[in-house]
Amino acid sequence: MSKVRVHIAISADGYVAGPNQSQENPLGEGGEALHDWFVKLKAWREPHGRDGGEVNASTPIAEESLANVGAEIMGRGKFGPPGGGPWGEDPWRGWWGEDPPFHKPVFVVTHHEREPLTLSDTTFTFVTDGIEDALEQAREAADGKDVYIGGGADIINQYLAAGLVDELEVHIAPLILGGGERLFDGVGPDLKLEQLRAVEAPGVAHVKYRVVR
């Protein structure tokens, strides 16, 4: 059976984005540095049409995170723009230009209705009936592959609190952000995790958990 998976970079103090997120600074102050380890990898650079890149202990982790994913769910916070609200007459089309890097169906959980948006080979479907409906649609679209909960923190926390996540991998950067969007906010003590592995790599530590039910 397909899994519901989360892979998220976090700071040492538990934030997945820094304070004062904006259209000019989508991950907040200091937040871009959470992914320094990732964007240096050949495994990231090649799919984005860039030469070079490192091969290190993070490489198999990154490759695994991208493998066997048939659909992604994200919150309005990840799709943008910051501040949310109604879409308006000239609706936001995401951060990624006309060729988004997803190459699979993406389901955006939002309070505001909107027709699907297709850019290249990615179709964004906007779901207003909550996280369970988004997961049902994503599972169908994934056609037996895994469903990836892509962020931000709020939507991941909702799925964790609802007991709908099977695996969680956090990529811990040696970085203190001091504020922003925190993983596990509002999740509560009922979430039980079993550690599956811990991998030390340049500029990051990867810890993978199974959610115990």
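**Pocket lining, helix packing and backbone geometry**

The second largest pocket is lined by A33, D36, W37, K40, E54, N56, S58, A173, P174, L175, P202 and G203. The model is predicted, so local features need pLDDT of at least 70 and side-chain atom pairs pLDDT 80 or more, while totals for chains, interfaces and linings use all residues. Residues are numbered from 1 along each chain, and side-chain values use heavy atoms, without hydrogens and water.

A pocket is an open set of points on a 1 Å grid where a 1.4 Å probe fits, with protein on both sides within 12 Å along at least five of seven lines; lining residues have an atom within 4 Å of a point. The lining of the second largest pocket divides into six nonpolar, three polar and three charged residues. Its space is about 160 Å³.

Helix α5 (residues 131-142) packs against helix α6 (residues 153-161) at about 90°, and their axes lie 11 Å apart. The two helices are therefore roughly perpendicular (65 to 115 degrees). I131, A134 and L135 of α5 meet I155, Q158 and Y159 of α6 (contact: heavy atoms within 4.5 Å).

Most peptide bonds are trans. The bond from G80 to P81 is cis, with omega near -5°. P81 is in the loop between α4 (76-79) and β4 (106-109). H103 is found in that loop between α4 and β4. Phi of H103 is positive, near 60°. H103 is partly exposed, at 45% relative accessibility (partly exposed lies between buried, under 20%, and exposed, over 50%, with a 1.4 Å probe).

How values were computed. Axes are lines fitted to C-alpha atoms, for helices over the stretch in contact, and angles run from 0 to 180 degrees between N-to-C directions. Helices (H or I, at least four residues) and strands (E, at least two) are DSSP runs, numbered from the N terminus. Angles under 35 degrees count as roughly parallel, over 145 as roughly antiparallel, 65 to 115 as roughly perpendicular and the rest as oblique. Grid points are joined across faces, edges and corners, and a volume is the space filled by probe spheres set on the points. Ala, Val, Leu, Ile, Met, Phe, Trp, Tyr, Cys and Pro count as nonpolar, Asp, Glu, Lys and Arg as charged, and the others, Gly among them, as polar.
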